[in-house]
Each structure stands twice: as structure tokens, then as C-alpha cells.
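Reader: I would like to learn how to read the features of a model like this one, step by step. Could we start with the helices and work towards the core and the pocket?

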Amino acid sequence: MKPLFVLISTFLASCLGLYLLNTQIDYQFAGKIAMASMLLFTAVGHFAFSKGMVAMIPKFLPFRPQLVILTGLFEIAFAIGLLLPYFSVFTAYALIVFFILVLPANIQSAKDSLDYQTGETNGPGLTYLWFRIPLQLFFILWVYFSAIC
């Protein structure tokens with residue numbers, strides 16, 4: 001829920017800022033700014049809540065702590081890449097693939113009722129997937145329409 005709030009609030013602030021600066025709004029650029037902000041926000045979680053993030057990754061995957069750090073670094077790189085015109089389309093496609101690849105970790109954490117901040121099994125559980133899966137689709141569509149179209 002927090003990433004969605006960051007995305008929407010940053011988008012609205014970006015639209016306002018662009019309007020005040022240019023008297024017009026570049027909605028695609030505002031969308032890229034918002035997604036970049038959300039990615040930086042979620043990247044912080046990879047470092048601040050690494051224990052819980054490691055618990056999200058299916059146990060059959062090796063190097064789980066390193067994967068958490070790597071995916072956090074990827075999110076930072078995606079945030080930068082979206083804002084660089086020459087790289088934004090490539091970054092958008094890579095980010096869409098990334099969102100698809102991390103979905104199993106979100107499903108696993110919901111199955112385990114994992115609280116990603118603490119690593120404890122007192123999280124929202126499977127009902128969270130009714131929100132998370134459509135949210136992941138929303139993020140994919142957001143990236144597509146703000147950076148590819």
C-alpha cells in the first residue's frame with residue numbers, strides 16, 4: 001500500500017510542479033518521475049528490512065541475502081534509467097520483466113503470512129494477494145504507458 005501512495009502522491013506533485021514550471025503537464029514524464037520515486041522508496045526497504053525481504057524469496061533459490069541487495073540495486077538503477085531519455089524505453093521493458101519476476105516472491109510471502117519488515121509470520125496472508133497481484137499489474141501498465149507508449 002505504501003508504494004502505491006508514494007506513486008500516486010509523487011505523480012500528483014509532479015503534475016503540479018510541471019504545470020507551475022511550464023503551464024502544461026507532460027503526463028508521461030510525471031509518470032516516470034512517480035515510478036522512479038516509488039522504486040527508490042521500495043529500494044530502501046531492501047536495505048532497511050533485509051531480513052524480512054530474504055524470507056520472501058523462495059528457499060530453493062541460492063544466495064537469497066545477495067539477491068535482496070541486488071534487487072534493491074536494480075530498483076535504484078531502474079529509477080535512474082527511467083529518467084534518462086536515451087535509456088527510458090529499454091529500462092521500462094527491463095522493469096516490466098523485473099515486476100513479473102518478483103511476483104512469485106510476493107505470492108510466497110502471502111502464502112507464508114510474512115511481514116516483510118520484521119520477517120515474522122504474522123503478515124496479512126493470502127488475502128493480500130487480492131490486492132498485490134492487481135497492484136503488480138497496475139505497476140506494469142504504469143511503466144508501459146509512461147515510458148513506452
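Author: The expected span of a helix is 1.5 Å times one less than its number of residues. This is a predicted model, and in it α5 has 24 residues, reaching 34 Å from its first C-alpha to its last, close to the 34 Å expected.

Reader: What span should the 20 residues of α4 have at 1.5 Å a residue, and how far apart are its end C-alpha atoms?

Author: The 20 residues of α4 should span 28 Å, and the end C-alpha atoms of α4 are 29 Å apart, which agrees.

Reader: Where in α5 does a kink lie?

Author: A bend is read as the angle between axes fitted to the residues on either side, seven ending at the residue and seven starting there. In α5 a kink of about 30° lies at Val-102, shortly before the proline Pro-104.

Reader: Which residues of α5 are buried, and what covers them?

Author: A residue is called buried when its relative accessible area is under 20%. In α5 the buried residues include Ser-88, Thr-91, Leu-95, Phe-98, Phe-99, Asn-106 and Ala-110, and what covers the buried residues of α5 includes α2, α3, α4 and α6. For α4, the buried residues include Arg-64, Val-68, Glu-75, Phe-78 and Leu-82, with α2, α3, α5 and α6 among the elements that cover them.

Reader: Which residues of the largest nonpolar core touch the most other members?

Author: In soluble globular proteins, nonpolar side chains tend to be buried together. Here the largest nonpolar core has 27 residues, and Met-35, Met-38, Leu-39, Leu-95 and Phe-99 touch the most other members. Two or more residues of this core come from each of α1, α2, α4, α5 and α6, and α6 gives the most, with seven residues. Leaving aside its neighbours within four places in sequence, Leu-95 is in contact with Met-35, Leu-39, Phe-78, Leu-82 and Val-143. Another core, of seven residues, lies apart from the largest one and has Met-56, Ile-57, Val-68 and Leu-114 among its members.

Reader: Which residues lie nearest the centre of the largest pocket, and which helix gives the most to its lining?

Author: The largest pocket has a volume of about 1,100 Å³ and is lined by 42 residues, of which His-46, Met-53, Met-56, Val-102 and Asn-106 lie nearest its centre. At least two residues of the lining come from each of α1, α2, α3, α4, α5 and α6, and α5 gives the most, with 10 residues.

Reader: Finally, how should I read phi, and what is its value in Phe-63 and Ser-113?

Author: Most residues other than glycine have a negative phi. Phi of Phe-63 is positive, near 55°; Phe-63 is placed in the loop between α3 and α4 and counts as exposed, because its relative accessibility is 61%. Ser-113, in the loop between α5 and α6, has a positive phi of about 55° although it is not a glycine, and at 23% relative accessibility Ser-113 counts as partly exposed.

Terms used:
Residues are numbered from 1 along each chain as its sequence is written. This is a predicted model: local features need pLDDT of at least 70, side-chain atom pairs count only at pLDDT 80 or more; totals for chains, interfaces and linings use all residues. Side-chain values use heavy atoms; hydrogens and water are left out. A nonpolar core is a set of buried Ala, Val, Leu, Ile, Met, Phe, Trp, Tyr and Cys residues joined through side-chain atoms within 4.5 Å. Buried means under 20% relative accessible area, exposed over 50%, partly exposed in between (1.4 Å probe, protein chains only). Helices (H or I, at least four residues) and strands (E, at least two) are DSSP runs, numbered from the N terminus. Contact means heavy atoms within 4.5 Å. On a 1 Å grid over the protein atoms alone, a cavity is a set of points where a 1.4 Å probe fits but cannot get out, and a pocket is an open set with protein on both sides within 12 Å along at least five of seven lines; lining residues have an atom within 4 Å of a point. Grid points are joined across faces, edges and corners, and a volume is the space filled by probe spheres set on the points.
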